[in-house]
Amino acid sequence: MSKRIKILHLEDNKIDVELVKEILTIEKINFTSTSVDNQEDFIKELKKEPIDIILADYSLPSFDGLSALKLAREMGINTPFILVSAVLGEELAIEALQSGATDYVLKSRMERLVPAIQRALREIEDRDHRIKLEKNITELEDVYEKIAERVRGFLKMDLPTGKFSLVDKFLEELSGYQKKDWYENPNFIQQIIHPDFKEYYNENFKKMQNGFVPKMMEYKIKRKDGDERWWLQFNIGAYDINQNLVSVSIVVIDNTETKESLIKYQNLFENALVGMYRTNIQSGAIFEANETMAKLFGCSTIEEFKQFSAGEFYPDEKSRNELLRILRSDGFVKGYQMRLISKNGNPIWVSLSAKIFLKEGYIEGVIIDISEQKKAQEDLFKSERELEKVFEHKATATIIIDGDMTVLKCNEQLEIMSGYTKAELEGKKKWPEFVHPDDLPRLIKYHKVRRDKTGKAPEVYEARLIDKYGNIRESIISVGIIPGTTKGVVSMLDISERTKAVNALKRDRKVYQIIAEAAIQSIDIRDLCQKALIGLVETLGYDSGSIRIYYENEKVLLPMADYGLKDEAKFLLGNVSINNTDLPLTQFLGKAIFAPDTLDHEFLKTTDIYKKYKYRSFVSWPIYTANKKFLGSIQLGSYEKMNIHEDDRIFFENISEIFSTAIERKLAEEALRESESQYRKLVESLPQNLGVILLQKNEIKYASPTIFNMFLVNSIKDIIGADPMQFFSQKTQEQVDNYISSIYETETKIPILYETILRRTTGEEFSAEIFATLTSFRGESAVQILIWEITDRKKAEITIRESEEKYRRLVETSPSAIVLFDLKGELLFVNKQAVLLYGAEDETDLIGKAIYDVIAPKDRPKVEKIMGTVMEGGLIRNFEFTFIKRDGTPFQGEVSASVIKGKMNEPNAIIAVMTDLSRRKDIER
């Protein structure tokens with residue numbers, strides 16, 4: 001650590017204080033330390049100046065570590081806090097970590113103190129960097145949300161519930177489940193994730209609930225059809241003004257093919273014939289190792305091997321310190337031979353090649369077990385005859401050379417590796433003839449130093465060899481001198497495939513990173529293509545290239561980017577119509593072209609690719625969407641012949657998939673901008689009685705032009721930023737405020753129309769209906785309100801009510817009985833005169849009765865017939881019937897009736913006017 005860290009140590013045991021200082025000094029930690037043993041001094045030191053690390057004993061006479069932790073957090077101090085205690089049970093340790101402690105170290109295991117401090121400082125640095133980065137991207141949250149409406153694999157998850165408020169339609173294709181499954185089931189990924197990854201996903205989800213957003217997650221899911229797929233999940237957090245995480249925007253990519261490819265490379269790492277590792281410089285903690293490495297040191301599994309530190313496999317501390325000294329001095333070692341010990345204490349001779357990464361704090365390298373070689377060399381020193389036996393059956397290619405480097409003897413493995421026979425080699429070839437010219441001076445120097453003993457030459461190192469057919473092989477070479485002679489024994493292990501795999505993996509990672517960074521940093525599709533193309537050309541070693549994007553509506557390929565092209569070639573790079581089938585490019589549209597030599601390519605040798613572009617090697621790779629829709633193509637060319645392998649087809653296919661996602665995203669952004677423009681035009685063309693406002697945090701952020709006329713606002717500054725309540729009547733402000741607040745709290749409910757009273761700037765009040773929905777503005781929740789002015793409708797309703805009142809008064813004061821019954825004959829309404837005529841106490845004696853109950857039995861068939869006439873003609877006049885009063889008294893009556901129809905002109909009911917004819921009938925008699 002180059003920066004001096006400030007440590008505050010809460011400890012009442014002075015011996016323990018000095019012990020901590022001694023450990024930090026031995027581990028070369030650059031620090032200053034202040035110790036305190038009570039609460040008052042602890043608070044005083046916290047207030048003095050910023051502290052980098054707080055160490056605290058769990059139990060003190062008057063003050064304990066957990067209380068100190070709580071106190072520091074209440075003071076707003078988020079400094080890493082590490083408990084250092086003699087005894088700390090599992091429950092107390094969990095309580096401490098849940099309360100915000102960074103780590104804990106038992107005094108019986110003080111070797112963990114330095115790694116704990118280093119890890120804590122890295123975590124706080126990573127957190128500060130994350131907060132800064134996430135603040136910068138929060139403003140893009142609304143853009144990502146709208147992109148998710150068009151681009152496959154987008155989600156928005158609200159926290160802490162885990163409920164999805166936005167689900168891209170392509171998630172149906174990726175998962176096999178419908179969008180409603182995602183909306184109805186909070187954190188639906190938990191239900192479809194592969195069992196092996198449930199714990200991993202739940203841990204990351206808890207981190208999100210606690211405010212930390214993992215940038216990327218990788219896991220396996222089960223589609224609805226049972227198919228297992230690898231998903232990459234990229235996360236972007238959205239924070240409120242208090243920096244509380246409120247939602248996470250998620251991009252999901254089906255990474256199955258790429259993951260399987262990486263697994264293949266990982267298998268190559270794990271199954272390599274040599275041990276591979278990565279360890280911490282200071283502590284020796286083992287970060288990574290393959291199975292060969294674990295078995296080399298007597299461990300049955302990699303997990304068991306990682307329980308040890310690297311230092312435990314050295315015979316003494318001096319041996320490891322010497323290796324670290326060389327690494328810090330030179331930065332690397334190659335073929336460094338040394339004796340180590342296995343888990344069981346058995347000695348192992350190894351050849352070690354390693355590189356130190358001081359800034360990152362780790363060492364990575366390769367170890368080859370040369371115990372067998374050492375033994376073989378010892379046997380060779382004892383007996384020439386024994387040498388012959390070991391030599392012939394050695395698993396690695398081995399030769400014996402004379403002082404002038406002539407091959408005296410070789411084994412069968414060398415024949416296989418070099419392509420020569422023993423007869424062609426022994427006594428006829430010299431070893432330098434197999435060595436690559438660039439490595440030859442170094443090997444000759446080693447050869448000379450070993451024999452004249454003017455210095456120390458490495459016994460194991462890496463070099464490139466050339467076989468009979470000109471193929472270059474990466475090799476690890478082990479060299480020893482036969483005692484008492486100038487002869488040497490050389491063993492060669494072919495590591496070409498391992499080196500090729502490692503280089504391919506590094507290349508792939510770099511290219512994927514270039515495309516990912518271009519996708520994030522580019523401002524439009526041209527910028528995206530240009531950034532990606534430059535990275536591809538320079539990383540893959542081509543001279544120049546171009547990218548064309550296909551626009552389906554115009555049926556044309558447009559050049560989006562070019563890099564390194566000569567002037568003549570740039571002139572040729574124009575728009576290409578796919579309808580022009582005479583052009584070479586359109587004949588190969590959608591097809592991959594791999595041409596290591598364009599002069600040998602049956603088609604390309606006669607085209608502009610060689611004649612005008614001057615490409616000797618050429619690659620053209622199509623870009624498709626996940627739905628196999630053609631998007632464009634990438635062309636890369638070299639003026640010299642390149643070794644383009646067919647194996648690279650998988651590499652270019654992976655590039656195409658990643659690049660297509662980035663292109664689709666940019667195309668979606670362009671479409672989104674156009675959509676936003678159309679939306680603005682729509683809003684600005686609303687009728688005068690309809691307006692739109694956007695509210696956020698009790699302020700108006702946007703208002704349509706019709707709103708200005710509706711509220712009689714003179715200037716935009718009078719409404720934008722204003723409190724919306726000033727435009728509502730004082731008697732409705734509280735209800736409206738509650739209504740708007742409910743939109744934030746119940747976003748899943750269907751919004752309803754809400755009638756209220758608004759107020760113009762002149763003080764005039766008017767009736768309106770409002771319709772509020774939840775949306776977002778600049779990455780935060782907002783409410784959009786549609787406002788309909790209903791002043792004219794209210795006037796019409798008043799007129800209708802007045803008309804209805806007049807009609808009711810007319811019916812109630814009519815001297816005739818008036819009744820209303822449905823098509824089945826059930827009475828629905830009667831006026832006062834009908835109640836008197838029937839002899840009832842009130843209308844409840846009649847409502848619900850059948851009209852036939854008040855008709856004499858002999859006239860009921862006539863009533864049914866007349867009702868049929870009413871239904872057909874709509875009206876009858878002056879029909880006489882015999883009615884029966886409540887007490888059973890009959891009387892003669894006259895009826896006129898008409899049908900009442902509905903909106904669709906269908907009969908709904910019948911209204912009848914009845915007159916008592918009893919007095920008239922008496923006079924006539």
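Predicted model: local features only at pLDDT ≥ 70, side-chain atom pairs only at ≥ 80, totals over all residues.
Trainee: Which strand holds Ile-356, and which residues does Ile-356 touch?

Mentor: Ile-356 is found in strand E14, residues 347–357. Leaving aside residues up to four places away in sequence, the contacts of Ile-356 are Ile-281, Leu-327, Arg-328, Gly-331, Tyr-362 and Ile-363.

Trainee: How far apart in space are Ile-356 and Thr-279?

Mentor: In sequence, 77 residues separate Ile-356 from Thr-279. From C-alpha to C-alpha, the distance is 9.7 Å.

Trainee: Now the open sheet of five strands: which strands stand at its edges?

Mentor: The strand order is E2-E1-E3-E4-E5, with parallel pairing. The two end strands each have a single partner strand, so one side of each has no neighbour in the sheet. The edge strands are E2 (31–36) and E5 (103–106).

Trainee: Over how many bridges do E3 and E4 pair, and which residue in E4 stands opposite Ala-56?

Mentor: Strand E3 covers residues 53–56 and strand E4 residues 81–85. They pair in the parallel sense over three bridges. Opposite Ala-56 stands Leu-83.

Trainee: Which strands do helices H1 and H3 lie across?

Mentor: Helix H1 (residues 14–26) runs at about 170° to E2, and helix H3 (residues 65–74) runs at about 170° to E4. H1 lies across E1 (5–10), E2 and E3; H3 lies across E1, E3 and E4.

Notes:
Residues numbered from 1 in each chain as written. Heavy atoms only, no water. Pairing = 2+ DSSP bridges. Helix = DSSP H or I, 4+ residues; strand = E, 2+ residues; numbered from the N terminus. Contact = heavy atoms within 4.5 Å. Axes fitted to C-alpha atoms, helices over the stretch in contact; angles between N-to-C directions.
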